[in-house]
Amino acid sequence: MDDLNIEDPTQLMRYLRRHARIDAAERPRFTTLKGGVSNRSVWVQFDHKPGWVMKQALAKLRVQVDWFSAPQRIQREAAGLSWANKLIPGHVPDLLFLDEAHHILAMSAVPQPHENWKTLLLGGKICTRFARDFGRLLARIHNAALDHSGIESAFAEVRFFEELRLEPYYGYAATQAPQARAFLENLIKDTSNRRFALVHGDYSPKNVLISQGKLVILDFEVIHFGDPAFDVGFSMTHFLSKAHFLPVHRRSFIDMAAEYWRAYITRLDPALVERLQPSAVDHTLACLLARVAGRSPLEYLDKAHRSRQKGIVLELIQREIGTLPELIDVFLEQLERHNEPN
C-alpha cells in the first residue's frame, strides 16, 4: 500500500476495510475534493453517521513549477487540528484519526450546506461581519501562547513553513523580481528570527467554510511557532488582491480589510500588537508580490493584473509606510491611479 492513492475509490475502500476504519457492511460514498495543491482530499459520506474528509499529503505539489515538501507534515496538521479545537472550539473540524505511515488523516466533514468563503468573495458576496470574525479568530490563535505553555515546544519545528511558504513565496519571488530581492531576503531572515506566537501559516478565505453563519477554519499543515505578522500579511493580501480584481466591489473589499485589521488588534494582547505592527506592513507587501510572482500565483489574476500588482508593490516597498491602515489606503490610491488592465 506504499503507493496508496485515496482519490482512487477502489484503493480507498480497500484501505478503510483493511485498517478497520469502517464496518464490513458499510458502503461509504467518495467524492474527490478539488482546489488543494498539497494534498489529495476526499469527502467520505455515510448513510447513518456524519461524514469525514480525508487528506493525504503529497511530496510533490500540484503546481506548474517544481515544488516539494515532506509528506510527514500531515502529522503537523493533525497536531494543529487538535490544538485549534482547544483555542477556537466550534470553528475547526474534529480530528478523527491519523495514519503516519500513509500520510493520511481524517477529520469531521463540515455539515452541509456550507459555502467556501473565497468563492463567495469572488462572486461579490461581501459580508463585513465575517471579516471581523476572521480577525477575532486569528487573534485568539496568536494569543494562545500567553495561556498555554506547551505551544512553543509543540510547534517549534518550522521546516514545513520554510518549504511551503518562505522559499516558494518570498524566496522564489526574489528571483522573479530582482528589484525586491534585498527586501525579501531581509524579510526571510527577520521572519526566521521573530518567534513569539502560534502562526497558522495559511490563513486565507480559501481555507474558510461558512456554515450556519459562522466561520470554520481549515488547513493547519504549516502551523508553527513564529512571526504572527506573516498571518496578517498573508490574509490581508487576499482582501487587497480581490479589491484589485473586482473594481466594482473595490471599496467594499478595502472596508473589509480595514475592519478585519481593527477586529484583530482589538482582541490581540497589546504587547503582541506592539511587536508585530512593524513587520505586518512588510509581510503584506511581500505576500502581495509573492501571489503574483511566487510559485503559487493567485489563479484569478491574469497576466495584466499580475504585472500591475507587481509594479505597485515594487513602488510601495521603496516608501516608508508605518502602519497597516496606511498601507491599505495607499494601495487603494495606487489601484485607482493606474490604468485598469486590458
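Residues are numbered from 1 along each chain as its sequence is written, and side-chain values use heavy atoms, with hydrogens and water left out. Because the model is predicted, local features need pLDDT of at least 70 and side-chain atom pairs count only at pLDDT 80 or more, while totals for chains, interfaces and linings use all residues.

**The cores**

Let's start inside. A nonpolar core here is a set of buried Ala, Val, Leu, Ile, Met, Phe, Trp, Tyr and Cys residues joined through side-chain atoms within 4.5 Å. Buried means under 20% relative accessible area, exposed over 50%, and partly exposed in between (1.4 Å probe, protein chains only). The largest such core has 100 residues, and those with the most contacts inside it are Trp 117, Phe 134, Tyr 170, Leu 184, Met 236 and Phe 239. Helix H10 (residues 270-293) gives the largest share of this core, 13 residues. Helices (H or I, at least four residues) and strands (E, at least two) are DSSP runs, numbered from the N terminus. A second, separate core of 14 residues includes Phe 46, Phe 97, Ile 104 and Ala 106.

Contact means heavy atoms within 4.5 Å. Not counting residues up to four places away in sequence, Phe 239 touches Trp 117, Leu 121, Phe 134, Pro 205, Phe 253, Met 256, Ala 257 and Tyr 260.

**Helix pairs**

Axes are lines fitted to C-alpha atoms, for helices over the stretch in contact, and angles run from 0 to 180 degrees between N-to-C directions. Angles under 35 degrees count as roughly parallel, over 145 as roughly antiparallel, 65 to 115 as roughly perpendicular and the rest as oblique. A crossing is left-handed if the near helix is turned anticlockwise from the far one by less than a right angle, and right-handed if clockwise.

| Helix pair | Angle | Axis distance | Handedness |
|---|---|---|---|
| H6 (residues 159-176) and H10 | roughly 65° | within 9 Å | left-handed |
| H8 (residues 229-245) and H12 (residues 324-337) | about 25° | 11 Å | right-handed |
| H4 (residues 128-147) and H8 | about 165° | 12 Å | right-handed |

The angle between H6 and H10 makes H6 roughly perpendicular to H10. Tyr 169, Tyr 170, Tyr 172, Ala 173 and Gln 176 in H6 meet residues of H10 including His 283, Cys 287 and Arg 291.

H8 and H12 are roughly parallel to each other. On the H8 side the contact is made by Val 232, Met 236, Leu 240, Ala 243 and His 244, and on the H12 side by Leu 324, Ile 328, Phe 331 and Leu 335.

H4 and H8, in turn, are roughly antiparallel. Phe 134, Leu 138 and His 142 of H4 meet Asp 231, Val 232, Ser 235 and Phe 239 of H8.

**Two buried residues**

His 238 sits in helix H8 and counts as buried at 5% relative accessibility. Leaving aside neighbours within four places in sequence, His 238 is in contact with Ser 204, Pro 205, Arg 291, Leu 298 and Tyr 300.

Ala 197 lies in strand S7 (residues 197-199) and, at 0% relative accessibility, is buried too. Beyond its neighbours within four places in sequence, Ala 197 contacts His 142, His 224, Phe 225, Gly 226 and Pro 228. The C-alpha atoms of Ala 197 and Ile 141 are separated by 8.3 Å, with the two residues 56 apart along the chain.
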